[in-house]
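Dear colleague,

I am handing over the structure we spoke about, and would be grateful if you could look through it alongside the notes that follow.

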Amino acid sequence: MKLFQVFVPLTDNAGNHFPESYFTQLKSAFSEKYGGVTVYKQMPVEGFWKETKATAEKDVLVIFEVLTDTLDISYWKDLKTQLETTFRQKDLLIRYWEITVL
């Protein structure tokens with residue numbers, strides 16, 4: 001079994017919240033394609049990184065988790081590109097690993 005995590009920001013770089021419909025559409029797409037999704041939206045998930053040595057950036061994030069038996073890399077790469085455009089990100093994190101469900 002594979003566990004995918006998709007990290008998307010709640011706000012743009014100016015602090016403006018993205019429309020709720022962006023998150024609802026993503027949740028619906030995952031539910032339809034994979035039969036379910038877990039969304040971590042209420043906890044304070046923050047990501048920090050150095051844009052330059054002098055400046056640090058911060059995102060407040062929503063994490064979508066999907067379990068699947070298949071590994072369709074082209075789907076996830078296409079989704080990453082689409083989400084980077086939608087959420088105006090230079091780079092958006094999608095990661096996966098093999099897991100055992102007990």
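Helices here are DSSP runs of H or I with at least four residues, and they are numbered from the N terminus; in that numbering, Leu83 is found in helix H2. Please keep in mind throughout that this is a predicted model.

To begin with the overall picture, the protein has two helices and four strands, which follow one another along the sequence in the pattern β-α-β-β-α-β. Of its 102 residues, 34% count as buried, and the protein exposes about 6700 Å², of which carbon and sulfur atoms supply 54%. Among the contacts with a separation of 6 or more, 67% are accounted for by residues 24 or more positions apart.

Helix H1 (residues 20–34) and helix H2 (residues 73–86) pack at an angle of about 170°, and their axes are 13 Å apart. Since angles over 145 degrees count as roughly antiparallel, H1 and H2 are therefore roughly antiparallel to each other. On the H1 side the residues that meet H2 are Tyr22, Leu26, Phe30, Lys33 and Tyr34, while H2 contributes Tyr75, Trp76, Leu79, Leu83 and Thr86. Sorted by class, this contact of H1 with H2 has eight nonpolar residues, one polar and one charged.

To return to Leu83, this residue is buried, because its relative accessible area of 4% falls under the 20% cut-off. Leaving aside residues up to four places away in sequence, Leu83 touches Val6, Val8, Leu26, Arg88 and Leu92. Between the C-alpha atoms of Leu83 and Tyr22, which are 61 residues apart along the chain, the separation is 9.5 Å.

The aromatic residues form a further theme. With ring centres within 6.5 Å taken as the rule for a pair, the count comes to twelve aromatic pairs. One of them, formed by Phe4 and Trp76, is stacked, with 4.0 Å centre to centre and 5° between the planes. Because Phe4 lies in strand S1 (residues 2–9) and Trp76 in helix H2, the pair ties together parts that are 72 residues apart in sequence. Both partners are buried, Phe4 at 2% relative accessibility and Trp76 with a relative accessible area of 5%. Ring pairs also link Phe4 and Trp76 with Phe30, Tyr34, Phe64, Tyr75 and Tyr96 into a cluster.

Key: Residues numbered from 1 in each chain as written. Predicted model: local features only at pLDDT ≥ 70, side-chain atom pairs only at ≥ 80, totals over all residues. Heavy atoms only, no water. Buried < 20%, exposed > 50% of the residue type's maximum accessible area, 1.4 Å probe, protein only. Contact = heavy atoms within 4.5 Å. Areas by Shrake-Rupley, 256 points an atom, 1.4 Å probe, with all protein chains shown as cover. Axes fitted to C-alpha atoms, helices over the stretch in contact; angles between N-to-C directions. Parallel < 35°, antiparallel > 145°, perpendicular 65-115°, else oblique. Nonpolar A, V, L, I, M, F, W, Y, C, P; charged D, E, K, R; others polar. Phe/Tyr/Trp six-rings, centres within 6.5 Å; stacked < 30°, edge-to-face > 60°.
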